[in-house]
Amino acid sequence: MTKCFFFSITETKNWCHRYGFIKSGLRSTITDLKDGTTVHCWVPKNPIHTKPNLLLIHGIGANALWQWGDFIPALVPHFNLYIPDLIFFGDSFTTRPERTEWFQAQCLIRVMEANSVEKFSLVGLSYGGFVGYSLAALRPEMVEKVVICCSGVCVEEKDFKDGLLKVSDLEEATAILVPQKPEKLKQLVGYSFFRPPPMRLMPSCLLNDFIESMCLDHIEEKRDLIRTVPRGRKLSDLPKIRQRTMILWGEHDQVFPVELGHRLKRHLGDNATLVVIKNAGHAFNSEEPKEFLNHLISFLVDS
């Protein structure tokens, strides 16, 4: 693939994010779960016991560095941060055949236990919300508060057939969410943002640079994660988590429509609060970062 420059812009940004994590007092760790699974996680170099612990779980679109890098400076003063790469992202990997969000959640539980973290709150973005919700259901004694961001936890298998989702063909969805060509990456950005950047003006070499750096590892495994989500999924089977929960959603989400946020609120009842971010899409955290941070800190700290 032709490069625009003699260096990778994506890898340069990766380096900048790593530097930012380290400067913020985080260190890179690998936890070997002794079952063919290893999990990479950024953890505090020196946890402060008077601070609450916060687990940040990224989505399918990128690794932990990219999805959380811009928010670390604002969150570090308030929390001991734990920021893992999910399985098949970054340096996290498994030889096991499991592809469910429940398996991902079990792996993160073991990572937190390995770091002697007994209680924590969590924030899950998109697919990370599926994982976070599962973790809260599995270990209610560990998880204190939950933030679910634009995550179709309440989606059912029949919703794909009924046309609730804009991209109802699962294979087309996997091709967009794990893009291998510039046109698919453009589609992903178009679906994710209410005000997408002008992708038609962006050179293909820049898009290819991102794909080469971020999208070529474990392609089928990542697509299997997506395929597994709706398989046999029914709202009646979804457990009701007991923790106080904030549901954040972009008003114009085209990946998971805001109706799924209202559905999750009805499912959880008075234990949950739904906040809809105006003039934003699926990637509302990138489109409205200040509002996103204000809601997080208000819910997790001030309340």
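These notebook entries record what I looked up in the structure.

**Basis**

I worked with a predicted model, in which local features need pLDDT of at least 70 and side-chain atom pairs count only at pLDDT 80 or more, while totals for chains, interfaces and linings use all residues. Residues are numbered from 1 along each chain as its sequence is written, and side-chain values use heavy atoms, with hydrogens and water left out.

**Entry 1: nonpolar cores**

I looked up the nonpolar cores, each a set of buried Ala, Val, Leu, Ile, Met, Phe, Trp, Tyr and Cys residues joined through side-chain atoms within 4.5 Å. Buried here stands for under 20% relative accessible area, exposed for over 50%, and partly exposed for values in between (1.4 Å probe, protein chains only). The largest core has 51 residues, and the members that touch the most others are Leu55, Leu108, Phe120, Tyr127, Tyr133, Leu135 and Val143. Helix 4 (residues 101–114) supplies the largest share of this core, with seven residues. I noted that helices (H or I, at least four residues) and strands (E, at least two) are DSSP runs numbered from the N terminus.

For Leu135, I listed contacts (heavy atoms within 4.5 Å). With residues up to four places away in sequence not counted, Leu135 touches Leu55, Ala105, Leu108, Ile109, Phe120, Leu122 and Val143.

**Entry 2: helix 4 against helix 5**

I then turned to helix packing. Axes are lines fitted to C-alpha atoms, for helices over the stretch in contact, and angles run from 0 to 180 degrees between N-to-C directions. The axes of helix 4 and helix 5 (residues 127–138) come within 8 Å and cross at roughly 65°. The two helices are therefore roughly perpendicular to each other; the classes are roughly parallel under 35 degrees, roughly antiparallel over 145, roughly perpendicular from 65 to 115, and oblique for the rest.

From helix 4, the contact involves Glu101, Trp102, Gln104, Ala105, Gln106, Leu108 and Ile109, and from helix 5 it involves Tyr127, Phe130, Val131, Ser134, Leu135, Ala137 and Leu138. I sorted the contact of helix 4 with helix 5 by class and found 10 nonpolar, three polar and one charged residues. In this scheme Ala, Val, Leu, Ile, Met, Phe, Trp, Tyr, Cys and Pro count as nonpolar, Asp, Glu, Lys and Arg as charged, and the others, Gly among them, as polar.

**Entry 3: helix 9 and its partners**

I examined helix 9 (residues 204–214) with helix 1 (residues 9–23): their axes are 8 Å apart and the packing angle is about 55°. Helix 1 and helix 9 are therefore oblique to each other. Ile9, Thr10, Glu11 and Asn14 of helix 1 meet Leu206, Asp209, Phe210, Ser213 and Met214 of helix 9. This contact of helix 1 with helix 9 divides into four nonpolar, three polar and two charged residues.

Helix 9 also packs with helix 8 (residues 182–192), at an angle of about 85° and with the axes 9 Å apart. Helix 8 and helix 9 are therefore roughly perpendicular to each other. Pro182, Leu185 and Lys186 of helix 8 meet Ser204, Leu207, Asn208, Phe210 and Ile211 of helix 9.

**Entry 4: loop residues**

I looked up Arg96, which lies in the loop between strand 5 (93–94) and helix 4. Arg96 counts as partly exposed at 28% relative accessibility. Its contacts, leaving aside neighbours within four places in sequence, are Asp35, Thr37 and Phe103. The C-alpha atoms of Arg96 and Gly36 are separated by 6.4 Å, although the two are 60 residues apart along the chain.

Arg233 is in the loop between helix 10 (219–228) and strand 8 (244–250). Arg233 counts as buried, at 14% relative accessibility. Leaving aside neighbours within four places in sequence, Arg233 is in contact with Glu101, Phe130, Val153, Val155, Glu156, Glu157 and Leu238.

**Entry 5: positive phi**

I checked two residues with positive phi. Lys34, which is not a glycine, has a positive phi of about 65°. Lys34 lies in the loop between strand 1 (26–32) and strand 2 (37–44) and is exposed, with a relative accessible area of 71%. Ser126 has a positive phi near 50°. Ser126 lies in the loop between strand 6 (120–125) and helix 5 and counts as buried at 15% relative accessibility.
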